[in-house]
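Here are my notes on the model, in numbered points. Have the viewer open while you read.

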Amino acid sequence: MSKQKQKFLEVSTGEHFTTGNHAAAEGALAVGCKFFGGYPITPSSEIAEHMALRLPQLGGNFVQFEDEIASIIGILGASWGGVKSMTATSGPGYSLMVENIGLGMMTETPCVIINVQRGGPSTGLPTLVGQQDIMQTKWGSHGDFEPIVLCPSSVQECFELAIEAFNYAEKYRLPVTLLLDETLGHMSERLIIPDASKIGKVERKKPKDSPEEHLPYKADDDLIPPMAVAGEGYKVMVTGLTHDERGYPNLNVETQDKLVRRINDKIRLNKKDIIRVEEYKLDDAEIAIIAFGSVARAAKGSVNRARKNGIKVGLLRLITIWPFPDERIEALAEQVKKIYVPEINYGQITREVERSVHGKTEVKGIFKLGGAIHNPQEILKEIEGDA
Amino acid sequence: MTEDQKELLESEAHPLDGFLREGRIPHIFCPACSLGSITNVLIEAINESGIDPKKIAVVSGIGCTGRIAGYLNFDSFHTTHGRSIPFAIGLSVTDPERKVIVVSGDGDLFAIGGNHFIHAARRNANITVICVNNFNYGMTGGQAGPTTYAGQFQTTAPYGSLEEPFNIPNLAASCGAVYVARYTALDVRRVKEAFSEAIAKNGFSFVEVLGSCPTTYGRRNQLAEGKKILEFFAEKTVLNHDADTRDVRIDKDSPIIVGKFVDIEDKPTLTDNLLALQRVSQAKKG
Amino acid sequence: MSRVEIRFAGFGGQGIGLMGRLVGEAVSLLEEGKNSVMTQSYGPESRGGASSTDVVIDEGEIDYPKATELDYFVVLSDEAYHKYIPKLKEGGILFVEEDLVTIDENAKKAKKIFKIPATKIAETLGSRLYANIAMLGFVCANTKDIFSEEAMITIMKEKIKARFVEKNLIAFQKGMEYKSDS
């Protein structure tokens, strides 16, 4: 490596005071992202700006595309070009991307999309917080697929989960969404970036057979096919059409069934590896709050205040939003008499929680429709009002 | 006939063996469609370019022309409708040595994908774009598109189209393409020459091939039988390399002007600029 | 020490964001055992008009990142004063740019009011742009639980562009030395 290259490091080891947006960008760089394709949109633009500054220093490329559609498809292209790639956007841009997130699911293309949520629908509240893209990240694109969506609650976690998002993308071969919100994206707090040797990196599985024998969509026992990319001599054939193990379009019921089952099952069967939650003071809890993103911090404040007032409240913080931690929630439903779900939308995760508890406990959503996160007092009042 | 040619004639082998994906033929193209011969000359042009086949990638969108990528035995990518160009850019900038060729139809590249085309030309992305223009949406049954000319009948223009079609070579030229040529599918020799030159070019090179689509265009415009469209091309075509691209619009009655309209040297490509950016950023104090 | 909430507010262009950022950085990176979170108003709100930055400081983990009941309100414009004074908690402390803010009966709930002509002080250094830093010096001298002089000086040397550091350090010093008459 030349002297010049050593001047700039992928991993910015040290203590920083920075925003969630910058932390997520640094996480992506630390895990080896080398291509960013994006289109500016509030409140995510700082991610693009940071990548524009840092990527060329690391021998990577930043391309500001003409829209979000080009951005997502550009990063799919870059991924097939053999590099880790990502984009960043907010709700309206994510809406434009969903068709090609579907292409990424169908063609099993590793990449990462960061969505810094703002209030919607439509242009909504460009500069203010929302958590209204939960269902969009799950059902936005047509067809059946199991997305992986991660949801940090601190600047430190923005960094760490950006790394995990890439690792899941590479391991399971799919586009992974890292779901921030405006509050988290723009707030600053301490970020500790460890030594480069401490960054766990997962790389896509490569084929071991020869190009002549290789079937690009023949999965191993783990349901994940090794991935040859462009330029390696494997003459990969990649299509959004229903395809067989050769990658050839094969438009019949059997091929469709086999393919769609597999791309879903490779995630479903690995839920244990993917689902992460944080449990806070749940051991003796009689009441639970389920929250995620910046609102989870307010919820933690509510738990602390409630405990001071003698109410046994605990928090289940969702770190993985999809696949949904329904089994953990069902177990929780057997323990507590009520679950509160504060979220900045009109009841997206609340319905998933209702589905998961199977009537074993009462579920109550606490909705803010966008623009501000709940404060701990608001959530507490709701709980105390019912007590 | 040379000995080699004789041998080839008598053998089971075909000159294009190895260039088409095994098990993908027969193709889906209709009888008298020009996509077969266009595929043929594209393979010849790639083969004769001398580029390491590993370094070739072919990308397409959706539509009949979009299916060509999938028949070719190179790294090939059949993307979503209209989106071949940004995918090609992602492939292209991740390896400066890679030659990325986009092959797609007029509807795919200029209606749903029009925005990507103009920006890729503006940035001088290092890709070759081949558009087979058949004046309509063939695969989906013959709807009117952005190249349908006034007076042309299609399923969504049952009274005849009234709109002005895109003058594609002019669009490409005015957005900054370094190579722009147009020929009809009848003129396979020049089509191949244009493919070869476009592939050899650094930067955004563009070839429009006027294709024959008897099934959904010909049938509605008194050009259905066999080679009628090609005869129509033969009658109407005027070769003029020096034509101003502003004057090469297509309509019902005027001659179709073909030729090599733009051929510019040494314009920095998107890839060049990205590499320059890496050098500049790395030279700055860390 | 328990949770402390500070809001800096003024109009766009006064460097309100920088005040919050410097305080957040000084606390998070240099004050042993303390955490801080900084949030800012964004968007049309932050272009001209009232601009604000909150810093929350605590020894433990900071759960809720935004300020709700201000322990300290540091304000450099009349508009911001009127907009945010209701958020100052009963017995909180108010810092005002005395030439730009006219306080009213709402300020009575403050346990203490510190006034400084920060802009005039900055002008003696050649630019009113130093008013924010003069104010920070003033805040530093009159509080014990926000940030230390040492940490702030270290952070300013690190984070402020080299050619502006010296003047900012002087502005900070002048703010430190200023004696409020109320």
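Why is helix α3 (residues 45-54) of chain A largely enclosed by the rest of the structure?

1. Because seven of the 10 residues of helix α3 of chain A are buried. Buried here means under 20% relative accessible area, with over 50% called exposed and anything in between partly exposed (1.4 Å probe, protein chains only). Helices are DSSP runs of H or I of at least four residues, strands are runs of E of at least two, and both are numbered from the N terminus.

2. The buried set in α3(A) is Ser45(A), Glu46(A), Ile47(A), Ala48(A), His50(A), Met51(A) and Arg54(A). Their packing partners, again in chain A, are the helices α2 (20-30) and α8 (182-186), plus the strands β2 (35-38), β3 (61-64), β4 (85-89) and β5 (111-119).

3. Some ground rules. This is a predicted model, where local features need pLDDT of at least 70 and side-chain atom pairs count only at pLDDT 80 or more, while totals for chains, interfaces and linings use all residues. Residues are numbered from 1 along each chain as written, chains are lettered from A in the order written, and side-chain values use heavy atoms, without hydrogens or water.

4. On confidence: pLDDT is the predictor's confidence in each residue, from 0 to 100. Chain A averages 96, with 98% of its residues at 70 or more. Residues 1-5 of chain A stay under 50, and the model has four contacts for them beyond four places in sequence; a contact is heavy atoms within 4.5 Å. Where pLDDT is low, the predicted coordinates should not be read in detail.

5. Next, chain C against chain A: 21 residues of chain C touch 23 of chain A. The two chains bury about 1,800 Å² between them, 55% of it on carbon and sulfur atoms. That area is the accessible area (1.4 Å probe) lost on putting the two parts together, summed over both.

6. One salt bridge (a Lys or Arg side-chain nitrogen within 4 Å of an Asp or Glu carboxyl oxygen) turns up across this interface. Lys300(A) and Glu61(C) form it, at 3.0 Å from N to O. On the chain C side, α1 (16-30) and β2 (35-40) are the elements that give two or more residues.

7. Last, have a look at Ser76(B), in strand β2 (residues 75-78) of chain B. At 1% relative accessibility, Ser76(B) counts as buried. Its side chain reaches the backbone oxygen of Ala69(B) at 3.3 Å. Beyond four places in sequence, the contacts of Ser76(B) include Val236(A), Met237(A) and Val238(A), as well as Arg21(B) and Val58(B).

How values were computed: Polar contact = N/O pair within 3.5 Å; in protein donor to acceptor, adjacent residues only side chain to side chain.
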